[in-house]
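The following exercises are to be worked through with the sequence and the model in view. Each task is followed by a solution in steps.

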Amino acid sequence: MSVQLYLASRSPRRAEFLSVLGLRHAVIAADVPEQPQPGQSPLDYALVTATAKARAGAAHASLPIPVLGADTDVAIDGLILGKPRDADDAVAMLLRLSGRSHQVISAVAVVQGDRLETVSTITEVVFGRVDEADARAYAESGEPLDKAGAYGIQGHARSEEH
């Protein structure tokens with residue numbers, strides 16, 4: 001079975017998504033700094049980061065097939081919330097989001113040779129109220145530590161209300 005696509009990401013969620021879509025893929029290294037530049041909008045940051053990941057992966061690709069890079073960020077009040085440094089940082093992020101609306105910005109870049117294609121979305125999310133004890137318990141579970149904004153909508157942070 002040949003690979004159709006390289007995934008320039010270590011995210012198990014992205015790899016699982018590609019598998020669900022039926023895409024045969026391989027994960028390839030794409031270590032890029034994830035630090036917003038002063039004055040950079042959350043959307044521009046996500047697009048630049050996704051593109052950098054795809055290009056870094058393409059530089060390591062052994063076959064001339066497409067390389068997909070992606071980035072998802074959480075922004076509130078124009079501030080990009082990256083992955084928390086530790087459980088205390090996760091608690092602070094969760095309390096900042098508590099009972100408020102914020103944006104989840106996702107960008108995908110695909111590189112093949114000299115060709116680059118990008119797509120992005122901005123989703124408005126309303127976060128339920130979270131008290132400090134619940135935020136602390138969630139942070140100490142470890143789940144939010146590798147997620148932008150300190151939560152994953154597909155994990156324990158999801159709402160049972162639709």
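**Exercise 1. Determine which residues Leu23 touches, not counting residues up to four places away in sequence, and describe its setting.**

Solution. Step 1: Leu23 touches Gln4, Leu5 and Leu18, where contact means heavy atoms within 4.5 Å. This is a predicted model, in which local features need pLDDT of at least 70 and side-chain atom pairs count only at pLDDT 80 or more, while totals for chains, interfaces and linings use all residues. Residues are numbered from 1 along each chain as its sequence is written, and side-chain values use heavy atoms, with hydrogens and water left out.

Step 1: Leu23 lies in the loop between α1 and β2 (25-27); helices (H or I, at least four residues) and strands (E, at least two) are DSSP runs, numbered from the N terminus.

Step 2: Leu23 counts as partly exposed because its relative accessibility is 30%. The classes are buried (under 20% relative accessible area), exposed (over 50%) and partly exposed in between, with a 1.4 Å probe and protein chains only.

Step 3: Between the C-alpha atoms of Leu23 and Ile76 there are 34 Å, and the two residues are 53 apart along the chain.

**Exercise 2. State which strands pair with β3, and in which sense.**

Solution. Step 1: Two strands pair if DSSP finds at least two bridges between them. Strand β1 (residues 5-7) is parallel to β3, over 2 bridges, and Leu7 stands opposite Leu68 in β3.

Step 1: β3 and β5 run antiparallel and are joined by 9 bridges; here Thr72 is opposite Ser106 in β5.

Step 2: β4 is also antiparallel to β3, with 3 bridges, and Ile76 faces Leu79 in β4. The hairpin of β3 and β4 has 2 residues between the strands, and Asp77 takes a positive phi near 55° there.

Step 3: β3 is largely enclosed by the rest of the structure, because 9 of its 10 residues are buried.

**Exercise 3. Identify the buried residues of α3 and what covers them.**

Solution. Step 1: Asp89, Ala90, Val91, Met93, Leu94 and Leu97 are buried in α3.

Step 1: Their cover includes β3, β4, β5 and α4 (132-140).

Step 2: At the start of α3, a side-chain oxygen of Asp86 comes within 3.2 Å of the backbone nitrogen of Asp88. Just after α3, Gly99 has a positive phi of about 70°.

Methods: A polar contact is a pair of N or O atoms within 3.5 Å; within protein, one must be able to donate a hydrogen and the other to accept it, and residues adjacent in sequence count only if both atoms are side-chain atoms.
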